[in-house]
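User: I would like to learn how to read a structure like this one. Can we take it feature by feature?

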Amino acid sequence: MPTLPHQVDDQRATTITFVVLKVSQGERESSNNPLSSWGSKGYKEVEINTNTMMKSTDNSTREGFEAPGNLRNELSALVVDDNKVTRKILMTMLKWAKIKAQEVENGKEAIDLFASGANFHLIFIDMQMPIMDGPEATRILRSMGVRSRIVGVSANCRENDKAEFMGAGLDEFYVKPLSCKNETIQQESSFPPSVSSSPGVFLPKMFCLSFNGAVSRIQRPVPSSRVSDCNIFKTKTEPAKHCVSPSIPQQKVREQHEGELMAVRDNETKHPGHFFSSKRPAIPGQSAPLVTALKVSAEKTSACFHFPGHNRGQAAPQMLTELIGLRPFVHDLPELPELDDLFSPKGVILEAQNLASQLFGASQTWFLVGGTTCGIQAAIMATCSPGDSLILSRNSHISAMSGLVLSGAIPEYIIPEYNSQWDIFCGITYSQVEKSIKKLKMEGRRIGAVLVTSPTYHGLCSNVMPISELCHSHGIPVIADEAHGAHFKFHHLMPSSCLEQGADIAVQSTHKVLSSLTQSSMLHVSGDIVDREKISRCLQTLQSTSPSYLLLASLDAARAQLSELPITIFGRSMDLASEARHLIRNIVNVSLMDPLNFSNSPLIDPLRITISTWELGISGYEADKMLCEEHNVIAEVAGTRSLTFAINLGTSREHIQILVSGLEKLSEKSQVNGWKKCMKNTVYSPHADISMTLSPRDAFFAGKRKVSIKESIGEVCGELISSYPPGIPVLIPGENITKGAIDYLLDVRNEGAEISGAADTNLASIVVCT
């Protein structure tokens, strides 16, 4: 502890409320929780003027008090603040109190610390920092499963700020002590002198109250053999120090790979079902076998008498070669012997798929050239026979609906939580699935599978682990439509993948956030509940018998790209996403969607940024058009009241700057033109009062007729109609058409949405079943 000078400038003096602890020798030896005896009067508060105290040598206020010795050097704290003065103040007091402490300048550094294996009992975090502020960092830490007691501090706090801060997952909130905002205290000399020779210990009141709540989380060092029970992001060879969370039973360790803890479920926290995920290291020398084989085959000098007709580019259309060049045609080859067979792989395709299954943590992986659509269809067909029930969310993708037609399964829809302010649905919950299973069991119906969409198009994630455990207890397989979550396994701040959470089948769009060509995807199977041979037969039925080797090779290449840097590859993208959020928060009349808006979706994809547009006074479709035409910003998906942007490996800082600039100009334009006054505050309920007369399969093959839009209400729908994107059906064959669904379709069409699936795209008429 550094020696502190006794002279203090009067202008910098302040009054601090300190707490003097008294813990007897007996209490120290017998109590497992030294602070449990405090109670409301278990400590003494002493107000001390720093100027007076520094000049005084009178220690009478400390006489007779003893420090809680078994807490010394046991409690640990992290100070997160961009203000150097504040950090120095807090660090000085913590060290003076013999509490191990570390300091960082922003939320990102704090998250990196926890990701690297550091543990702290208590975190003091500034709520307003330029690089990842306190609320966002707190949400991410909680999503990682961090159980530290997190205390927010702020020098400038309004009531609505406090509500936002606490909503982020804080345990406590304080206005910054010691007038740090005005820097009235600038040196360590503003604090009490060393008390190493004194029998007492003083702590600022804020710290004492906070540690009182944190002390119950203290754990003793554990033997190295139980490291996996306790510490997160730790290997077996790394000694355990102090565990922030209570010991996790060994059976909750789902997988260990080469001494690295892969995923742990923590039921005891107030964030159940969250995972701590470390990532597999890259495999040195790993190749891309299918890419290599395609290259070798294309370079052969051959007289080709096989398809395709462009004959390795010899007859390629000039118009297209001027656009993309000749090389794609040179490598556009059929299923030659050296290139293996997609439906009966024995060579390079099998090798490439096996490498993918190892990387993604699957038992077996299939490459898809029909997108995730054919994967979802195959998953449903492989698990559901005609007449079986499929439990699924009503906001599932249209591929699930076509899967119902192909399989003959009967849907048991779950209506997910719906936020009318955003006009966005979230995921499904354990209780909803449990209710559906009980209902179907009572009716004597066989359940083929449960289909979970996680994440949704907007990045909202379901808590899949408890759903998987519930389904497996009934022998029901879980299918995950993880089209938008193929990247989750490749950064420690991402939500856990569905496979890590126990899903039996996960279908992922490798072409979305990852880097394969459009239309290429992967289907992963884990465990032994699902018949893998049946999956292969279903895919053979659904996929082309002339698969594109450009698509297949792009899957192999994307996998190889991830394998090179599986832990850090998304680091830059995550930084840019965080930077974008910080800048967007400062734009007037633009809000960021937060998982707190959806009680049933505790996590969100950090690379998916959804903003409000209703506060600007325009729809998402209108904002999308303006950003595209006036600022060259192209969003991923527009909605009635929002706009969503996808950050990926190719996103640059320049892209972020263009996006933020475009939104700023849109905000300025809104304020000048008074758009907000013109915005309708419509509350949509497109899936209210859903009822089904025919199964999707029966409705698909039933007779049809067209009726006017007004006459259609009450009829049985005969076509699949959605606004696209995102491709979530508003009307499904077999359902009774409701006024709410019609009104929604007409409104979104008028606001600029494209209507997909309707025979009459103008919606003057609708096809109904006879």
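User: Is Asp-126 buried or exposed?

Analyst: Buried means under 20% relative accessible area, exposed over 50%, and partly exposed in between (1.4 Å probe, protein chains only). Asp-126 has a relative accessible area of 3%, so Asp-126 is buried. This is a predicted model: local features need pLDDT of at least 70, side-chain atom pairs count only at pLDDT 80 or more, and totals for chains, interfaces and linings use all residues. Residues are numbered from 1 along each chain as its sequence is written, and side-chain values use heavy atoms, with hydrogens and water left out.

User: Which strand holds Asp-126, and what does its side chain reach?

Analyst: Asp-126 lies in strand β5, residues 122-126. Its side chain reaches the backbone nitrogen of Gln-128 at 3.4 Å. An unreviewed UniProt entry annotates Asp-126 as "modified residue: 4-aspartylphosphate". Such annotations may be inferred rather than shown by experiment.

User: How do I read a salt bridge, and how many does the whole structure have?

Analyst: Side chains of opposite charge can pair when their charged atoms come close. The cut-off is a side-chain nitrogen of Lys or Arg within 4 Å of a carboxyl oxygen of Asp or Glu. The whole structure has 23 salt bridges. One of them joins Arg-585 and Asp-133, at 3.9 Å from N to O. Arg-585 lies in helix α19 and Asp-133 in the loop between β5 and α5, so the pair ties together parts 452 residues apart in sequence.

User: What about Arg-394 and Glu-735?

Analyst: Their side chains meet in a salt bridge, 3.0 Å from N to O. Arg-394 sits in the loop between β13 and α14, and Glu-735 in the loop between β28 and α23, so this pair ties together parts 341 residues apart in sequence. Arg-394 is buried at 0% relative accessibility. Glu-735 is buried at 3%.

User: Which residues touch the most other members of the largest nonpolar core?

Analyst: In soluble globular proteins, nonpolar side chains tend to be buried together. A nonpolar core is a set of buried Ala, Val, Leu, Ile, Met, Phe, Trp, Tyr and Cys residues joined through side-chain atoms within 4.5 Å. The largest has 104 residues; Leu-78, Ile-125, Met-144, Phe-570, Ile-584, Ile-611 and Leu-731 touch the most other members. A second, separate core of 29 residues includes Leu-392 and Leu-404.

User: What is the mean pLDDT of the chain?

Analyst: pLDDT is the predictor's confidence in each residue, from 0 to 100. The chain mean is 76, and 71% of residues reach 70 or more. Over residues 1-73 the pLDDT is below 50. It stays under 50 over residues 177-285 too. Where pLDDT is low, the predicted coordinates should not be read in detail.

Conventions. Contact = heavy atoms within 4.5 Å. Helix = DSSP H or I, 4+ residues; strand = E, 2+ residues; numbered from the N terminus. Polar contact = N/O pair within 3.5 Å; in protein donor to acceptor, adjacent residues only side chain to side chain.
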